[in-house]
Amino acid sequence: MEHLSIKGGRRLTGSINVEGAKNAALPACVATLLTDEPVILHRIPQLRDVSTILATITSLGKRVTREGDRVEITHGGALKAEAEARYVKQMRASFLVLGPLLARLGHAVVPLPGGCTIGPRPIDLHLQGLKRLGATIEERVDSVAVSAEQLRGARIDLPYPSVGATEQLVMAATLAKGETWIENPAKEPEVADLIDLLRKMGAQIEVAPTAIRVVGTESIHGAEHTVIPDRLEAGTYLLAAAITGGEVEVRGVVPKHLRPLLAVLKEAGMMCFEGNDTIVLANTERPHPVQVSTAPHPGFPTDLQPPLVAMLSLARGKSVIEEMVFERRFGYTPSLKRMGAHIVLTDRTATITGVSTLWGAEVDAPDIRAGAALVLAGLAAQGFTRISQLEQIDRGYAKIEVKLSLLGAQIERER
Ligand code: UD1
């Protein structure tokens, strides 16, 4: 089994390029199910989750050609209505194939999703929305079967702005008859990027401040699209600079996507400089404590909560972090505590009293962002940290050890 071995204590300095956004690339690949024409996607990151989604759509009848970060997805044979459990169980985003398959074929069967172990991740909003569009839904023990001769536009009020449900419903509505209004949709940049791609594919979609309007069409066609840069990867490297007292430039980013993080970093005493497509973070002292609640965009992103907590474990004082999106996203804190962090959990809140030193330890990466948090802690800790279950980190971070080494970290992937 592979693991990461880190010798902590090095200040990170230098520049790195950011990859395309995993959470934009995954729905973009799924959207290609809406047409038989070729779709060419650029800046697709080389990640395990991307390989999983490409295998999923290949198993459903697509042909995929991948050269570096360019992926061409064409018609490979008749579209299949049934997704295989071995893909959907690995990653929750595979569940997004349900809406497009239903819209194209009039029926679909998709296994219940798997993914990170960060709390219950129900699919009720996906299913209620599809029902509003006229689908009949049969919930089986291990899968969901949906059918509808013709989806019909409807008004869907989302009680919570779920990213996945918004993406699922926008995709399904592009081929429905008539007009769909999705009220209270997710506003994450990755949702906007999917809508950009769908528009290039001929979908008629308008985004209002509190709703998305989709006018169904029969002519979804091929397109070429470059996905947005990964704000979560960029944010993780900025936090890596912060925790090591370093100075790092992330290149190829959309700075406004990172404003919720930058606001917190500034409050924590970091110097942050925004360029057109770059951000520089410089830090010379221990962070100040902060109080942060995670929230849907433009709130503080839940995915950056674990690496933020890692940074705050070395702050000069007491921070309070409230996790309002995924209730079990503090599963990595026992490992941080083994490294010397002082964290008290109550329900959805972590109270972190900063310590002056973290110590290397042997820890597991329970999910993608938790893995990133432990890497950051290892970079700042005294001595060696060994992180196993690397496959979780590889789901979301391309060549993490190579990028961190470029910034001066002592980190190696070992067998
Ligand atoms: C996506 C991101 C993930 C990010 C999350 C929130 C991808 C591939 N993943 O996940 O990295 O952390 O957005 O920004 O894009 N919920 C329901 N019912 C539903 C759907 C969701 O109750 O039908 C709840 C979930 O349990 C969770 C909250 O809504 O508590 C947020 O989930 P959602 O926004 O759907 O996240 P994902 O799309 O799974």
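In this predicted model, L198 makes contact with A31, L34, V170, M171, T174, A203 and I205, leaving aside residues up to four places away in sequence. L198 also belongs to the largest nonpolar core, which has 73 residues, and here L151 and L198 touch the most other members. The leading contributor to this core is helix α1, spanning residues 22-31, which supplies seven residues.

Turning to the strands, four of them form an open sheet in the order β2-β14-β16-β15, and their pairing is mixed. The edge positions are taken by β2 (13-17) and β15 (271-274); each has a single partner strand, so one side of each is left without a neighbour in the sheet. On average, neighbouring strands are turned by 15 degrees against each other, direction ignored. Within the sheet, β14 (residues 247-251) and β16 (residues 278-282) run antiparallel and are joined by five bridges. A handy place to look at this pairing is V250, which stands opposite I279 in β16.

Two helices pack on the sheet. Helix α8, covering residues 231-243, touches β2, β14 and β16, and its direction makes about 170 degrees with that of β14. Helix α9, covering residues 259-267, touches β15 and β16, and the angle between the directions of α9 and β15 is about 150 degrees.

Methods: Residues numbered from 1 in each chain as written. Predicted model: local features only at pLDDT ≥ 70, side-chain atom pairs only at ≥ 80, totals over all residues. Heavy atoms only, no water. Core = buried A, V, L, I, M, F, W, Y, C linked by side-chain atoms within 4.5 Å. Buried < 20%, exposed > 50% of the residue type's maximum accessible area, 1.4 Å probe, protein only. Helix = DSSP H or I, 4+ residues; strand = E, 2+ residues; numbered from the N terminus. Contact = heavy atoms within 4.5 Å. Pairing = 2+ DSSP bridges. Axes fitted to C-alpha atoms, helices over the stretch in contact; angles between N-to-C directions.
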